[in-house]
Amino acid sequence: MASVASARWLRVSCGLCVPLTARRAGPCGRTPSSRFYSGSAAVPKDEGADTAGTEEVVIPKKKTWDKVAVLQALASTVHRDTTAAPYAFQDDPYLIPTSSVESHSFLLAKKSGENAAKFIINSYPKYFQKDIAEPHIPCLMPEYFEPQIEEISEAALQERIKLKKVKASVDIFDQLLQAGTTVSLETTNSLLDLLCYYGNQEPSTNYNFQQHEQTEELEEAEEGDNMKSKKKAGHQLGVTWRARNHAERIFALMPEKNAHSYCTMIRGMVKHRAHTQALSMYTELLNNRLRADVHTFNSLIEATALVVNAKFEEKWNNILDLLKQMVAQNVKPNLQTFNTILKCLRRFYAFGKLPALQTFREMKAIGIEPSLATYHHIIQLFYQHESPSKGSSLIIYDIMDEITGKTFSPKDPDDDMFFQSAMRVCSSLRDLELAYQVHGLLNTGDNRKFIGPDPRRNFYYSKFFSLLCLMEQIDVTLKWYKDLIPSVFFPHSQTLIDLLQALDVANRLEMIPQIWKDSKEYGHTFRSDLKEEILMLMARDQHPPERGSSADSRGLSAAGGIC
Amino acid sequence: MVALYCGGGLRPLMLSWSRDLPCIWHALHTSVVCFKNRVARVRVDKGNKPVTYEEAHAPHYIAHRKGWLSLHTGNLDGEDHAAELTVEDVFLRKFMLGTFPGCLADQLILKRWANQVEICALVLRQLPAHKFYFLVGYSETLLSHFYNCPVRLHLQTVPSKVVYKYM
């Protein structure tokens with residue numbers, strides 16, 4: 001019996017295709033009686049029909065459970081609380097954010113408090129030495145940022161490299177060379193690694209914050225014109241590879257270079273946008289009859305695609321050449337290789353569609369499991385310009401059919417951009433079924449973590465909700481409204497306007513005072529377009545005097561309160 | 001000598017020669033010295049002093065009308081480190097008093113659970129919300145590093161001190 005139950009568990013977790021009726025029920029499919037996943041009211045019947053048939057029940061000899069299996073089973077019975085704020089906030093009405101700006105500022109304030117505490121801890125480490133945790137918790141001990149070894153030696157150089165002090169390590173390296181001592185190959189390679197990673201500049205203290213903002217702005221720029229985005233990217237990323245900088249100088253000074261040195265230099269050059277130099281370094285590597293590793297090849301593919309003044313076919317042929325060389329050097333491609341190819345093909349517009357499909361088939365043929373980033377690149381390639389009149393392709397349906405019910409693990413930094421692009425396509429195609437499929441994929445297993453940071457999550461949910469307002473019956477829309485807002489995202493004024501128009505179409509204008517009360521909470525009272533919409537709808541609504549007068553007067557007084 | 005007669009049920013008598021002579025009355029107290037108990041209670045005054053529920057109840061009401069301010073298992077039979085936990089409590093209360101200046105509405109409640117410490121504080125709405133979050137992030141991180149265990153802060157805001165009665 002236990003094995004049948006466990007088999008049933010496994011079947012459900014593989015993700016059966018959720019039936020239509022259950023899915024339409026949306027959030028209210030989560031009744032207390034449905035145990036595992038939402039909308040699975042029809043599932044037990046299917047199960048019974050199947051296992052009563054000719055299926056063999058294999059009883060395993062011994063079943064090992066994870067240490068937290070009981071906790072996971074208990075956790076699966078509890079669903080998301082739709083009335084609670086996200087757990088990162090304090091549970092108090094004064095301290096719960098009411099708009100996305102506030103939530104962003106609260107989280108930033110908390111993080112800056114943590115940074116202030118870390119600054120104090122690392123400035124006075126002698127007061128924080130008490131170590132009573134058993135086992136030892138390394139992240140609760142102070143960190144040491146100052147190098148301890150003072151004399152000029154290779155150990156001092158290694159220490160400064162570990163502490164990521166670019167300028168200090170270059171100084172010590174020069175002093176070592178002047179003193180005549182030879183520095184070992186590994187140490188020089190690690191110094192080159194440090195220099196190439198940071199682009200010969202000191203890593204700034206808010207390096208992480210800067211990177212994040214820059215990648216976000218790059219994303220928005222990519223949605224627009226390609227040329228504009230290139231200029232913007234060049235302006236904002238800032239760190240370019242200058243000629244005759246430390247890395248090149250040290251590289252030239254090295255008596256012996258192995259493959260690692262060349263590879264590091266190539267990857268550093270590509271990261272800091274010195275593409276032609278990277279390609280020439282690669283020819284040098286080949287001349288020395290050395291082999292590059294798979295990461296270097298990935299960078300080279302990127303470099304080939306980003307070289308200016310070359311036609312698409314030429315670039316594609318160069319990439320194919322690189323792949324052939326990779327095969328010749330016996331280097332196995334990995335997931336990043338294919339993702340990089342697909343990302344570069346995005347720049348080729350219409351030309352890149354056929355090669356993209358070929359790449360995808362090749363990836364499946366080799367046996368590499370595609371990640372969400374792969375599908376994201378394919379979607380971006382095929383649905384680049386939002387013009388459905390041009391006869392958009394149906395590839396999104398194939399993609400969704402393939403990945404429905406699968407759980408993914410993070411393998412690529414671009415994995416969290418899939419849901420945003422998928423929902424954008426659903427919204428432009430005006431397809432509600434597809435949107436439900438995408439949302440179902442988000443809710444399977446652990447895929448929630450791929451929704452991405454706040455702006456992306458807000459984009460996803462506002463597009464989803466706008467589609468619901470447009471295409472779904474009003475009762476279901478209102479249930480989704482209660483479910484999603486405000487616990488998952490804060491609505492824009494445009495979202496509320498869409499909801500009001502949906503109410504208008506469905507002739508449910510008595511909900512307007514409620515919507516107005518909610519929009520006051522989210523701080524939209526100062527949006528003139530929202531106010532105009534509400535007033536216009538209220539003026540249009542003809543209430544019968546005895547029932548509607550109270551609602552009407554309440555609504556008008558509420559609206560009058562803002563004028 | 002005056003005859004010794006005890007008062008019986010009456011009040012204790014004083015021994016002297018005579019009641020009329022102006023002599024020193026050697027007042028003999030026949031009971032043990034017993035001072036009035038002044039610990040952790042607010043003396044009833046004219047009725048103009050606002051007190052919270054916590055302050056209004058004397059310590060003999062703990063476990064009857066009051067709960068504990070600091071919850072840990074150090075005082076149970078067979079458990080140790082009660083003294084270290086008490087010293088930690090004192091430090092935490094002083095730390096929070098200083099970090100949230102003028103914001104604490106009542107005494108802190110400290111709960112210890114496995115190796116975690118949860119500080120539950122009732123705060124007044126003196127600061128804007130993002131400043132509260134800054135202080136929360138700061139104190140959680142600093143205390144976690146100081147005590148080498150996860151320290152969590154739960155705040156509840158009130159508009160003003162919650163008055164139970166006026167004593």
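What follows covers the conventions, then helix packing, local backbone features, salt bridges and the interface.

This is a predicted model, in which local features need pLDDT of at least 70, side-chain atom pairs count only at pLDDT 80 or more, and totals for chains, interfaces and linings use all residues. Residues are numbered from 1 along each chain as its sequence is written, chains are lettered from A and ligands numbered from 1 in the order in which they are written, and side-chain values use heavy atoms, with hydrogens and water left out.

Begin with helix packing in chain A. Helices and strands here are DSSP runs, numbered from the N terminus (H or I, at least four residues, for helices; E, at least two, for strands). Axes are lines fitted to C-alpha atoms, for helices over the stretch in contact, and angles run from 0 to 180 degrees between N-to-C directions.

Take helix α17 (residues 353–366) and helix α18 (residues 372–382) of chain A. They pack at an angle of about 160°, with axes 10 Å apart. That angle makes α17(A) roughly antiparallel to α18(A). The cut-offs are under 35 degrees for roughly parallel, over 145 for roughly antiparallel, 65 to 115 for roughly perpendicular, and oblique for the rest. The crossing of α17(A) and α18(A) is left-handed; that is, the near helix is turned anticlockwise from the far one by less than a right angle, whereas clockwise would be right-handed. On the α17(A) side, the contact (heavy atoms within 4.5 Å) uses Lys353(A), Ala356(A), Leu357(A), Phe360(A) and Met363(A). Thr374(A), Tyr375(A), Ile378(A), Leu381(A) and Phe382(A) supply the α18(A) side. By class, this contact of α17(A) with α18(A) holds 8 nonpolar, 1 polar and 1 charged residues. Ala, Val, Leu, Ile, Met, Phe, Trp, Tyr, Cys and Pro count as nonpolar, Asp, Glu, Lys and Arg as charged, and the others, Gly among them, as polar.

Now look at helix α14 (residues 294–306) and helix α16 (residues 335–345) of chain A. Their axes come within 9 Å and cross at roughly 5°. So α14(A) is roughly parallel to α16(A). Val294(A), Asn298(A), Ile301(A), Glu302(A) and Ala305(A) of α14(A) meet Gln336(A), Thr337(A), Thr340(A), Ile341(A) and Cys344(A) of α16(A). The contact of α14(A) with α16(A) divides into 5 nonpolar, 4 polar and 1 charged residues.

Ile396(A), Tyr397(A), Met400(A) and Ile403(A) of α19(A) meet Phe418(A), Val425(A) and Leu429(A) of α20(A). The residues of this contact are 7 nonpolar, no polar and no charged.

Two loops deserve a check. The peptide bond from Glu134(A) to Pro135(A) is cis, with omega near 5°. Pro135(A) sits in the loop between α5 (100–123) and α6 (154–162) of chain A. Asn507(A) is not a glycine, yet has a positive phi of about 65°. Asn507(A) lies in the loop between α24 (493–505) and α25 (512–521) of chain A.

Next, charge pairs. A salt bridge is a side-chain nitrogen of Lys or Arg within 4 Å of a carboxyl oxygen of Asp or Glu. The count over all chains is 14 salt bridges. One salt bridge joins Asp454(A) and Arg457(A), at 2.8 Å, N to O. Both residues lie in helix α22 (residues 454–471) of chain A, 3 residues apart, about one turn of the helix.

How many salt bridges are counted between chain B and chain A? The count there is 0. Still, 25 residues of chain B are in contact with 28 residues of chain A. The two chains bury about 2400 Å² between them, 65% of it on carbon and sulfur atoms. Buried area is the accessible area (1.4 Å probe) that two parts lose on being put together, summed over both. In chain B, Tyr133(B), His145(B) and Asn148(B) lose the most area to chain A, together 35% of what that side buries.
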